[in-house]
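Subject: Handover of a structure and notes on its features

Dear colleague,

Please find below the structure I am handing over to you. My notes on what was found in it follow directly after.

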Amino acid sequence: MLLSQKMRIFAVVAGITFLTTGVLMIAVQWQAQKTLKEIQERDSHYLLDAVTKAVENQHQSIIFYRDKLIEHRKKELRDIVDIAFDTLENNRQLAGKNGFSLEDVKRMSIDQMRAMRYASGVGYFWINDTTRPYPIMIMHPTEPELDGKVLNNPSFNCALGNDTNLFQAGNEFCARDGSGYIDYLWPKPTEHGLSDRQPKLSYVRLYKPWNWIIGSGVYMDDVEKDVDTRIAAVLDELRATFKDKPVNEGGYMFFFSGDKKMLIHPVLEGENVATLKNPVTGQFILDEMKLAAETDNKLFTYLWDRPDYNKSKTFRKRAYISHYKPLDWYICVTYYDDDIERPAWDLAVRMFGISLILLALSLIFSSILSESLSSPLRKLASAAERISKDGPAGVDIPITGSLETRELGQVMSDAFDTIRRTETSLRESEENLRITLDSIGDAVIATDIDGRIVRMNHVAEELTAWPFEQAKGRVLFDGVMLMDPETGAPMDNPVNYVLNRDKRYYMKTHAVMVTHDNSRCLIADSCSPIHNSEDELVGVVMVFRDVTDKIRLEEDLRQTQKMDSLGLLAGGIAHDFNNMLAGIMASAEIVATKIPDVDPKITKYINLIIESSEKAADLTGKLLAFSRKGKLFSTPIDVHASIRDAIAILERSIDKRVDVIERLDAESSTIIGDPSQIQNMVLNLGVNAAHAMSNGGFLAISTHNTLLDADFCESSTFEIEPGEYIELCVEDTGLGISREDLHKIFEPFYTTKDVGQGTGLGLAAVYGTVKDHHGAIVVESELNHGTQFHIYLPVSKSSMVVQHPAPEPLTPMQGKGCILVVDDESVIRTATENSLTDMGYTVLLACDGVEALSIYEKKKDKIDLVILDMIMPKMNGPDCFRAIRKVNPDAKILIASGFAKDGDIANLKKEGLLGFIKKPYRRSLLSQLLSELL
């Protein structure tokens with residue numbers, strides 16, 4: 001019985017061991033070979049992508065080099081022709097001197113130009129006149145037979161796409177612009193004579209005194225030679241990098257061109273391999289490789305020699321091929337299959353030897369234990385079976401048999417007692433840990449040593465939109481993804497970083513998390529390793545939080561600070577500019593009055609100076625509106641009236657193909673503000689919208705009332721209070737604004753229009769107007785889908801509405817009295833003195849507040865009024881005003897400044913200031929104000 005049982009144990013153990021060994025050996029060999037091939041395929045694709053990217057970067061540098069080289073050559077052409085012009089101009093000065101006639105000078109100039117050569121004789125000059133429609137050749141050094149000929153031969157139709165007469169096109173350029181570049185085909189001088197026609201780029205310029213057109217050019221093949229030299233240098237660099245770099249053991253990389261020339265290869269480099277054939281298919285092997293490069297896997301398998309073996313022996317080989325089309329290069333990463341199969345086979349052989357040893361040991365061990373363990377082990381097995389079904393509670397472990405089995409039984413009994421106690425403790429610890437993690441405000445995810453999720457708190461489930469029941473056991477970033485917020489490229493898994501380096505990881509920049517339900521948020525995170533009691537790495541804990549709202553608020557704050565800084569700059573520029581304009585306008589008006597019988601043309605120019613000064617003053621007005629330093633006319637106004645006035649102007653001035661739609665639905669339309677600023681704001685927005693619709697479209701201007709709550713006001717970058725607002729919406733169907741430009745549109749002088757098409761101050765003035773009126777502005781735009789401006793202005797309950805002021809008189813009014821003019825700009829003092837003297841006033845001058853105070857203390861009884869600048873050295877306008885008022889509390893003082901804050905003027909008026917006049921101003925306005933004050 002025992003012998004039969006032993007034999008059965010032997011047979012079963014031997015059979016199982018042998019079968020397991022065979023199956024395991026085959027499975028391990030197959031799996032190892034498969035894994036190694038997958039790894040090699042992946043690495044080959046990575047290497048192929050990296051090399052292709054390197055080639056692409058090098059090609060981009062070549063393109064950049066070529067563009068810069070062409071620009072350099074164009075500048076050289078312009079400089080060379082300018083030198084020739086200097087020669088002609090110097091020669092022209094000789095005409096009529098030392099016996100030289102004009103014809104002598106021209107002949108001498110032609111001879112000089114004919115002899116002027118550069119670039120090893122390839123560069124030269126030619127001259128033709130400006131006869132229409134076809135000019136006459138005056139001199140051509142390489143084809144002298146053209147001299148004196150009318151250039152109307154069809155063979156000269158080689159310019160601007162090879163269908164336009166070269167010299168006629170040059171005449172057109174010079175007649176319109178005076179000079180220009182032209183591309184065409186023309187023979188090139190060589191040591192063997194003139195070549196066939198080649199592409200050429202020339203610069204032509206009109207020498208107007210003689211109606212000559214001077215031209216000189218560069219042949220484009222000289223430029224391409226430099227580019228080819230650059231490409232050869234790139235090939236040398238790639239060759240040095242990849243030629244001897246092995247792939248696996250015997251594989252390598254090689255490059256070939258579309259015309260089947262081997263660019264980089266360990267053996268065939270520099271050869272034309274168009275005739276190489278595939279030994280299996282008999283087809284040209286490079287043609288097959290080209291086709292393989294267009295497939296998804298880019299894989300081509302074939303038989304080939306190994307450089308380290310006999311040439312007569314062929315091996316199965318794999319090639320991964322990428323085609324870089326701009327250079328028509330094919331990049332190949334190759335390796336031999338036996339380099340992958342050999343390690344797998346060696347591993348299987350070693351496993352087979354180990355299995356034989358284990359088989360022998362297992363048979364010996366089974367023989368020894370079979371007799372002593374059968375019965376006690378069955379009892380223990382029965383008890384273990386009951387425990388596996390019902391759990392350790394209520395099951396007794398039998399302690400019988402030999403000493404070893406009794407000890408085993410005792411150990412199992414003690415172990416299960418420990419398990420019972422441990423289970424209870426674990427349940428309590430698990431509950432405490434769950435409560436602790438759910439109490440943390442940040443998201444927490446823990447993984448095991450393989451990066452698989454073992455724990456998540458409630459915040460992490462909500463932030464990733466991934467319930468723990470679904471996420472458990474999954475790799476963390478199989479369900480969510482991190483992306484670079486700038487480029488949108490996937491970011492490396494921080495868990496892998498910690499697992500590979502056993503170091504804590506802090507994200508240097510924020511990342512975009514794409515959650516399990518494909519929503520996105522901006523997060524900041526850190527990862528830390530988890531160690532057991534032996535300080536062994538057993539997992540990773542990742543802690544992160546949603547910082548989307550925080551980053552948005554920080555960006556809004558930075559934008560607001562930038563706009564405030566720009567406002568300070570704009571105000572300073574406007575102040576200095578207005579001072580200069582004041583002197584120019586006043587001087588021009590004085591000239592106009594001093595010489596009334598002058599030539600009408602001169603009068604026209606004087607009026608043009610005055611009109612230009614007024615336009616420039618309007619420009620500074622926009623700057624002051626943006627910087628909030630201009631004087632605001634604040635009174636109850638009907639917004640709808642200003643909007644209708646602006647729409648009436650728009651309908652007469654913009655493209656008729658733009659339909660203006662008016663929907664003024666706001667029931668409460670009264671605000672506190674300046675009607676002219678509101679009108680200008682609507683005009684600026686309407687004109688910008690019309691410019692964005694060059695082919696016509698719809699411009700909708702609408703209003704309605706809305707209530708802004710505290711949440712909206714707190715999130716806005718504007719200083720606004722909750723309450724009732726009128727929302728003005730200006731919407732167009734134009735080109736829209738790109739995301740890159742959207743945050744810069746309110747900056748002064750920023751414009752996307754062509755030079756001469758805009759100052760870049762329109763939207764800056766809109767921004768300033770909105771802030772002046774304690775409102776807010778929101779922009780929504782998408783390229784090719786139009787733009788919407790939403791402007792919110794606080795509603796006023798006042799029933800009084802301002803009427804527009806009457807226009808100022810055109811003729812200055814006469815007066816009398818003594819006026820002290822205080823200004824630090826000498827040109828303003830001089831111009832104001834002359835204007836006031838012409839009006840009949842006596843004038844005293846001071847260059848700053850200190851001098852003004854000294855003069856006033858001495859002559860206060862004679863001085864009837866003081867015209868005082870705001871910003872001056874030593875003592876500014878407000879300080880001087882208060883000092884003069886201390887000397888004479890009844891002193892009449894008028895402030896004249898390029899800008900002034902509303903608060904400053906209001907405070908001074910409370911202290912006795914009579915009035916304010918904004919620079920630059922017309923003499924008529926000043927005379928009217930003085931007449932009212934005196």
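Of the contacts in the protein with a separation of 6 or more, what percentage is accounted for by residues 24 or more positions apart? The figure is 62%. Please note that the model is a predicted one, and that every value in this message is computed from it.

Overall composition

The protein has 934 residues, and 42% of them are buried. Its secondary structure comprises 23 helices and 31 strands. The accessible surface comes to about 49,800 Å², with carbon and sulfur atoms holding 54% of that area.

On the α14 side, the contact is made by Ser 642, Ile 643, Asp 645, Ala 646, Ile 649 and Leu 650. The α15 side contributes Pro 675, Ile 678, Gln 679, Val 682, Leu 683, Gly 686 and Val 687. By class, the residues of this contact comprise nine nonpolar, three polar and one charged.

The other pair is α20, residues 849-859, with α21, residues 877-887. Here the angle is about 15° and the axes are 10 Å apart. The cut-off of 35 degrees for roughly parallel applies again, so α20 is roughly parallel to α21. The crossing of α20 and α21 is right-handed. From α20, the residues Gly 849, Ala 852, Leu 853, Tyr 856 and Glu 857 meet Cys 880, Ala 883, Ile 884 and Val 887 of α21. This contact between α20 and α21 divides into seven nonpolar residues, one polar and one charged.

Buried residues and their contacts

In each contact list below, residues up to four places away in sequence are not counted.

Val 821 is part of strand β27, which spans residues 818-822. Its relative accessibility is 2%, and because buried means under 20%, Val 821 counts as buried. Val 821 touches Thr 832, Leu 836, Val 843, Leu 844, Leu 845, Ala 846 and Ile 867. With Ile 867, the sequence separation is 46 residues, while the C-alpha to C-alpha distance is 4.9 Å.

Ile 720 is located in the loop between α16 (710-715) and β24 (723-732). Its relative accessibility of 8% places Ile 720 among residues that count as buried. The residues that Ile 720 touches are Leu 708, Phe 712, Cys 713, Tyr 725, His 774, Gly 775 and Ala 776. His 774 is 54 residues from Ile 720 in sequence, yet the two are 6.1 Å apart in space, C-alpha to C-alpha.

Is Lys 260 buried or exposed? Lys 260 has a relative accessible area of 14% and is therefore buried. This lysine lies in the loop between β8 (253-257) and β9 (262-264). Lys 260 touches Glu 271, Asn 272, Val 273, Ala 274, Leu 286, Asp 287 and Lys 290.

Backbone geometry

Which residues does a cis peptide bond join? The bond is between Arg 132 and Pro 133, with omega at about -5°. Pro 133 belongs to the loop between β1 (125-129) and β2 (137-139).

Asn 98 has phi near 55° and sits in the loop between α1 (2-92) and α2 (102-115). At 74% relative accessibility, Asn 98 is over the 50% cut-off and so counts as exposed. Ser 120 has a phi of about 60°, and its place is in the loop between α2 and β1. Its relative accessibility is 82%, and Ser 120 therefore counts as exposed.

With kind regards

Technical notes:
Residues are numbered from 1 along each chain as its sequence is written. This is a predicted model: local features need pLDDT of at least 70, side-chain atom pairs count only at pLDDT 80 or more; totals for chains, interfaces and linings use all residues. Side-chain values use heavy atoms; hydrogens and water are left out. Contact means heavy atoms within 4.5 Å. Helices (H or I, at least four residues) and strands (E, at least two) are DSSP runs, numbered from the N terminus. Ala, Val, Leu, Ile, Met, Phe, Trp, Tyr, Cys and Pro count as nonpolar, Asp, Glu, Lys and Arg as charged, and the others, Gly among them, as polar. Buried means under 20% relative accessible area, exposed over 50%, partly exposed in between (1.4 Å probe, protein chains only). Accessible areas come from the Shrake-Rupley method with a 1.4 Å probe; for residues, only the protein chains shown count as cover. Axes are lines fitted to C-alpha atoms, for helices over the stretch in contact, and angles run from 0 to 180 degrees between N-to-C directions. Angles under 35 degrees count as roughly parallel, over 145 as roughly antiparallel, 65 to 115 as roughly perpendicular and the rest as oblique. A crossing is left-handed if the near helix is turned anticlockwise from the far one by less than a right angle, and right-handed if clockwise.
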